[in-house]
Amino acid sequence: MRSPYMTRLGLAAVLLAAAVAACSGGEEDDSRIGEIPDAGDAGNPSTPDSGPDAGNPDAGEDGGADAGNDGGTDAGPEDGGSDAGSDAGSDAGSDAGPPPGTVTIPDVLSGYNLFTGTPAGGDFKPVEGNIPYELTTPLFSDYSLKSRTLYIPAGKAALYSADAVLDLPVGTIITKTFAFPADFREPDKNVRPLETRVLVRQPQPVGWVAYPYVWNDALTEATLASGGKVFKDFTFIDTEGVTRKFDYLVPQRNQCQKCHHMVDEQDNQHLLPIGVKARYLNREHTYGLQPVNQLQHLASLGKLEGLPPTQQIPRAPDAFNAGEADLTQRARTYLDINCAHCHNPKAQPGITSRLFLDIKTTDEFSLGYCKRPGSAGGGVGGEFDIVPGSHDTSILWFRMHTEISGKMMPEIGRALRHEAGAQLIADWIDAMPARSCK
């Protein structure tokens with residue numbers, strides 16, 4: 001389910017598209033990025049609510065009906081494609097135009113020149129220099145298949161961090177394409193991409209900006225959709241042969257901030273990528289014909305500086321591979337990638353709820369043990385975030401498991417329950433020594 005789909009599309013995808021109408025090698029040549037000025041030396045300009053008790057009982061509304069109603073209207077005026085070019089310039093405080101390194105945002109995905117072909121032709125692939133990558137444990141998004149790429153401008157490199165998101169230079173472009181096979185029992189057939197989300201690092205003071213692109217029914221182009229889109233009554237057949245129908249949400253640009261924001265020491269909010277951290281990138285991917293460690297591949301291309309010896313690089317396990325780590329490590333990894341972009345000491349939901357689900361937190365109260373939520377509202381399955389030994393009276397599990405709008409977590413990014421994820425957290429809580437919370 002995590003495998004890139006890009007090379008698997010073909011005529012079948014076109015047929016599927018007709019039936020379905022219903023929010024990151026090699027030395028590159030910047031001429032490929034025709035619309036993208038070289039970042040030059042512009043400097044170094046540079047995740048949110050998944051956990052159970054963010055205290056925002058309106059969760060599901062944003063992720064579902066609200067987005068649908070707003071689609072095409074709300075975020076539109078906020079700038080869609082023209083923003084990066086013109087607004088960035090005015091933000092610089094003069095009429096001198098955009099600052100050096102500003103990426104011009106095209107109206108269509110092909111305008112970035114980051115991919116060749118189309119899904120319709122079965123030849124949709126990243127160009128050389130737009131580097132595909134995978135995560136050891138990806139964030140759950142309604143079972144969608146995801147294909148990720150990372151483009152770092154010529155002459156630029158990311159800086160390694162053991163804990164934080166890699167410090168990616170101005171001009172970096174991260175793409176993530178979301179797709180579904182018609183039948184998950186045959187995940188390589190009839191794969192239909194719905195959207196490609198693009199994160200661009202612009203010069204300061206703009207920083208990271210998110211742009212959603214929606215694929216047309218013919219799968220020949222994806223168009224900027226600042227207002228998002230809802231694929232109503234989208235269906236697929238799951239691994240058990242059950243037909244699943246739901247409204248798939250392409251987040252509008254404003255909604256991207258829910259998961260991608262961080263509060264700095266001056267209380268300013270910034271967008272940040274989520275998965276581009278060493279511990280999630282520390283795995284192999286096939287480049288050419290060879291499986292290569294992704295971080296070492298970036299370093300060998302001159303795109304990553306400061307990489308320590310392999311044995312010093314942290315690695316998040318595959319949360320669903322019991323052979324890679326124990327239950328606690330796997331459950332904490334799942335919470336870290338799915339919830340900690342909101343529930344950490346530097347994100348507003350974490351600051352408000354005091355529930356920190358990032359991998360570094362060890363204090364049991366901050367993790368939710370026998371902790372009452374700050375503002376979760378009623379009917380969320382219990383009184384405490386986590387009741388050790390009892391998953392079904394723990395709010396954390398309830399909000400991950402429910403599909404009730406306004407109660408489920410994360411607030412945005414899913415309409416369906418992640419059965420395996422909810423079970424993993426249930427197993428983790430049940431394995432804790434039983435405790436009576438007061």
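Mentor: First, a term. Helices and strands are DSSP runs, numbered from the N terminus; a helix has at least four residues and a strand at least two. Asn-113 has a relative accessible area of 30%, so Asn-113 is partly exposed. Keep in mind that the model is predicted.

Now go to the core. In soluble globular proteins, nonpolar side chains tend to be buried together. Here the largest nonpolar core has 41 residues. The residues with the most contacts inside this core are Phe-180, Phe-234, Phe-236, Tyr-248, Leu-335, Ile-425 and Trp-428. Strands and helices both supply it: strand 6, strand 7 (191-201), strand 10, strand 11 (243-250), helix 8, helix 11 and helix 12 each give two or more residues. Helix 12 makes the largest contribution, with 6 residues. There is also a second, separate core of 37 residues, and Leu-139, Ala-210, Val-276 and Leu-281 are among them.

Next come the rings. A pair of aromatic rings is described by the distance of the centres and the angle of the planes. The model has 17 aromatic pairs. In one of them, Phe-180 and Phe-234 sit 5.1 Å apart, centre to centre, with 55° between the planes, and the pair is tilted. Phe-180 belongs to strand 6 (residues 173-181) and Phe-234 to strand 10 (residues 229-237), so this pair ties together parts that are 54 residues apart in sequence. How buried are the two rings? Buried means under 20% relative accessible area. Phe-180 has 0%, so Phe-180 counts as buried. Phe-234 has 3%, so Phe-234 is buried too.

A pair in another part of the chain comes next. The ring centres of Tyr-369 and Trp-428 are 6.5 Å apart and the planes stand at 80°, so this pair is edge-to-face. Tyr-369 is in the loop between helix 10 (364-367) and helix 11 (395-401), while Trp-428 is in helix 12 (residues 419-430); therefore the pair ties together parts that are 59 residues apart in sequence. Tyr-369 and Trp-428 are both buried.

The loop between helix 10 and helix 11 also holds Cys-370. Phi of Cys-370 is near 50°, a positive value in a residue other than glycine. Its relative accessible area is 17%, so Cys-370 is buried.

Step back to the ring cluster. Ring pairs link Phe-140, Tyr-143, Phe-180, Phe-184, Phe-231, Phe-234, Phe-236, Phe-246 and Tyr-248. One member, Phe-231, has a charge over its face: Lys-229, at 5.1 Å from the ring centre. Elsewhere, Arg-197 lies over the face of Phe-178, and there the distance to the ring centre is 4.0 Å.

Now follow the loop between helix 11 and helix 12, where Pro-410 is found. The peptide bond from Met-409 to Pro-410 is cis, with omega near -5°. Tyr-334, Met-400, Met-409, Pro-410 and Arg-414 lie nearest the centre of the second largest cavity, which has 11 lining residues. The cavity holds about 90 Å³ of space. Its lining divides into 7 nonpolar, 3 polar and 1 charged residue.

A cis bond is also found between Gln-204 and Pro-205, where omega is about 15°. Pro-205 is in the loop between strand 7 and strand 8 (208-215).

Finish at the loop between helix 8 (327-338) and helix 9 (348-353), the place of Ala-347. Lys-346 is found in the loop between helix 8 and helix 9 as well. Which of these neighbours is buried and which is exposed? Ala-347 is at 0% relative accessibility, so Ala-347 counts as buried. Lys-346 is at 53%, so Lys-346 counts as exposed. For Lys-346 and His-261, 85 residues apart along the chain, the C-alpha separation is 9.0 Å.

Terms used. Residues are numbered from 1 along each chain as its sequence is written. This is a predicted model: local features need pLDDT of at least 70, side-chain atom pairs count only at pLDDT 80 or more; totals for chains, interfaces and linings use all residues. Side-chain values use heavy atoms; hydrogens and water are left out. On a 1 Å grid over the protein atoms alone, a cavity is a set of points where a 1.4 Å probe fits but cannot get out, and a pocket is an open set with protein on both sides within 12 Å along at least five of seven lines; lining residues have an atom within 4 Å of a point. Grid points are joined across faces, edges and corners, and a volume is the space filled by probe spheres set on the points. Ala, Val, Leu, Ile, Met, Phe, Trp, Tyr, Cys and Pro count as nonpolar, Asp, Glu, Lys and Arg as charged, and the others, Gly among them, as polar. Rings of Phe, Tyr and Trp (its six-membered ring) pair if their centres lie within 6.5 Å; planes under 30 degrees apart count as stacked, over 60 as edge-to-face and the rest as tilted. Buried means under 20% relative accessible area, exposed over 50%, partly exposed in between (1.4 Å probe, protein chains only). A charge sits over a ring if NZ of Lys or CZ of Arg is within 6 Å of the ring centre and within 35 degrees of the ring normal. A nonpolar core is a set of buried Ala, Val, Leu, Ile, Met, Phe, Trp, Tyr and Cys residues joined through side-chain atoms within 4.5 Å.
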